[in-house]
Amino acid sequence: MAGSGVFSDIVDGDDVYKLYADAEWKKSSSGKSVPIINPTTRKTQFKVQACTQEEVNKIIETAKTAQKSWAKTPLWKRAELLHKAAAILKEHKAPIAECLVKEIAKPAKDAVTEVVRSGDLVSYCAEEGVRILGEGKFLVSDSFPGNERTKYCLTSKIPLGVVLAIPPFNYPVNLAVSKIAPALIAGNSLVLKPPTQGAVAAIHMIHCFHLAGFPKGLISCVTGKGSEIGDFLTMHPGVNCISFTGGDTGIAISKKAGMIPLQMELGGKDACIILEDADLDLAAANIVKGGFSYSGQRCTAVKVVLVMESVADILVEKVKSKVSKLTVGPPEDDCDITPVVTESSANFIEGLIMDAKQKGATFCQEYRREGNLIWPLLLDNVRPDMRIAWEEPFGPVLPVIRINSVEEGIHHCNASNFGLQGCVFTRDINKAMLISDAMETGTVQINSAPARGPDHFPFQGIKDSGIGSQGITNSINMMTKVKTTVINLPTPSYTMG
């Protein structure tokens, strides 16, 4: 059960979850807390500490000191501790999954899957880190014109320092460890600022790293209101790297952060292009899975369907049939569609739906909402003048735009300010490759819905969808910098010369 057993230290007597600093769970000196609202009941489920700027200062100062020692820790030892944390995380999947169900209304089965997947990610990262950080480069000067072999260049990858990790509400455990594990294996220290919705699940996850025995001060977890500590964290001079997953906030962070490496994934309007020769049963199944799993609250959800007019009627009927079979209700019952994360999110989604209704979209189902729970909705005959054609709903509503040419579909995809992922359904691999090359997105899936994973695959967006690339290998590399040592010889030296 959450906050009990091995997790009893992370919560105080007033049922407020603590902050983590100096390898200890502590109350904030502010004496204040931040409530976490259960999306299903719309009542306060948990509370977390409202940390102060002074506490942030101390945590980052401690992190800087701890990082210096951690950078001297052998790679195999870093990996050993990560493997231990992964095992503890998977061992305690039930209480962490319980938090995900209550904090973000994630279906129970998916919640367990997220925790197990996170443990697997940490272990894989440990192995990958040993491989790629254990190698360097050796260069000789005479490979460049005009030089004799008088210089030997040795390069290696060294840590950046203090990494600030800010994951989103929808994967507060998995998208936290996807930042934590690469940072640690690379020799950095880590400060986690979890999302408010999902903070308690992330706190439980951090305790698994605590139980694994990482050095004091190396990992910290601060909670609180973004308005009070958000900018203070992201603009802090002691932070050497920021890895952020979320929305528009990331654009503001990137403008304020200064000259430090940034890794940003900021959402998408992932387009699904359906050609006339597509397997429509396969396409329909992927549209429903891609558009409605976790109630559409995924950066890689299908956000707009662009289907050739000649097959649109058939496709829409197939999708409608599958949507009618989706179960709707509380996450504890493992329903397909569960409440969206906040009332403000539900209101925003409703605004997009009402705009589409006013402008003449065809409703394939009756619009229905109870509190934060919105029933799945397919909108046909959506036009470019409707907000839903361009804005990211992050909810269980999916627009269908009928197109008369492939070029029209590509144009709509590329006109978006987002560029995270997209997909195309066709039996013609040549057409698929041409469309993939033409789509201005970080990833294109052929005959499958967009997806972030497996977790070692590169994952990146262009335009307003992000900066840099994720995936285990790319994240490790991003959280290091190249150090060069040059040996200068008095005379040219050639092997066996």
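Which residues does the UniProt annotation "domain: Aldehyde dehydrogenase" cover? According to the unreviewed UniProt entry, that domain covers residues 25–484; UniProt positions are given here in the numbering of this text, feature names are shortened, and annotations may be inferred rather than shown by experiment. The model is predicted, with local features requiring pLDDT of at least 70 and side-chain atom pairs counted only at pLDDT 80 or more, while totals for chains, interfaces and linings use all residues. Residues are numbered from 1 along each chain as its sequence is written, and side-chain values use heavy atoms, with hydrogens and water left out. The span 25–484 is 41% helix and 20% strand, and its end C-alpha atoms lie 40 Å apart. Helices (H or I, at least four residues) and strands (E, at least two) are DSSP runs numbered from the N terminus.

**Three-stranded sheet**

- An open sheet of 3 strands has the order β1-β5-β4, with mixed pairing; two strands pair if DSSP finds at least two bridges between them.
- Its edge strands, each pairing on one side only, are β1 (16–17) and β4 (33–37).
- Strand β5 (residues 44–49) pairs with β1 in the parallel sense over 2 bridges, and Y17 has V48 of β5 as its bridge partner.
- Helix α6 (residues 199–212) lies across β1, β4 and β5 and runs at about 55° to β5; axes are lines fitted to C-alpha atoms, for helices over the stretch in contact, and angles run from 0 to 180 degrees between N-to-C directions.

**I206 in helix α6**

- I206 is located in helix α6.
- I206 counts as buried because its relative accessibility is 0%; buried means under 20% relative accessible area, exposed over 50%, and partly exposed in between (1.4 Å probe, protein chains only).
- Apart from neighbours within four places in sequence, I206 is in contact with Y20, W25, I180, L192, I219 and C221, where contact means heavy atoms within 4.5 Å.
- I206 and P492 are separated by 286 residues in sequence and by 54 Å in space, C-alpha to C-alpha.

- β15 and strand β18 (residues 377–380) run antiparallel and are joined by 2 bridges; the bridge partner of T362 in β18 is D380.

**Backbone geometry in loops**

- A23 is not a glycine, yet has a positive phi of about 60°. A23 sits in the loop between β2 (19–21) and β3 (24–26) and is partly exposed, with a relative accessible area of 23%.
- N447, a residue other than glycine, has a positive phi near 60°. N447 lies in the loop between β21 and β22 and is partly exposed at a relative accessible area of 29%.
- The loop between β21 and β22 (459–460) also holds P454; the peptide bond from G453 to P454 is cis, with omega near 0°.

**Cavities and pockets**

- On a 1 Å grid over the protein atoms alone, a cavity is a set of points where a 1.4 Å probe fits but cannot get out, and a pocket is an open set with protein on both sides within 12 Å along at least five of seven lines; lining residues have an atom within 4 Å of a point.
- Grid points are joined across faces, edges and corners, and a volume is the space filled by probe spheres set on the points.
- The whole structure contains 4 cavities of 30 Å³ or more, and the largest cavity holds about 110 Å³ of space.
- The largest cavity has 13 lining residues, with S178, R452, D455, Q470 and G471 nearest its centre. At least two lining residues each come from α5 (174–185) and α14 (472–478).
- The largest pocket has a volume of about 1,200 Å³. It is lined by 42 residues, of which F169, G246, G247, D248 and T249 are the closest to its centre.
- Elements that each supply at least two residues of the lining of the largest pocket are α7 (226–234), β11 (241–245), α8 (249–256) and α11 (343–358). The largest share of that lining, 5 residues, comes from α7.
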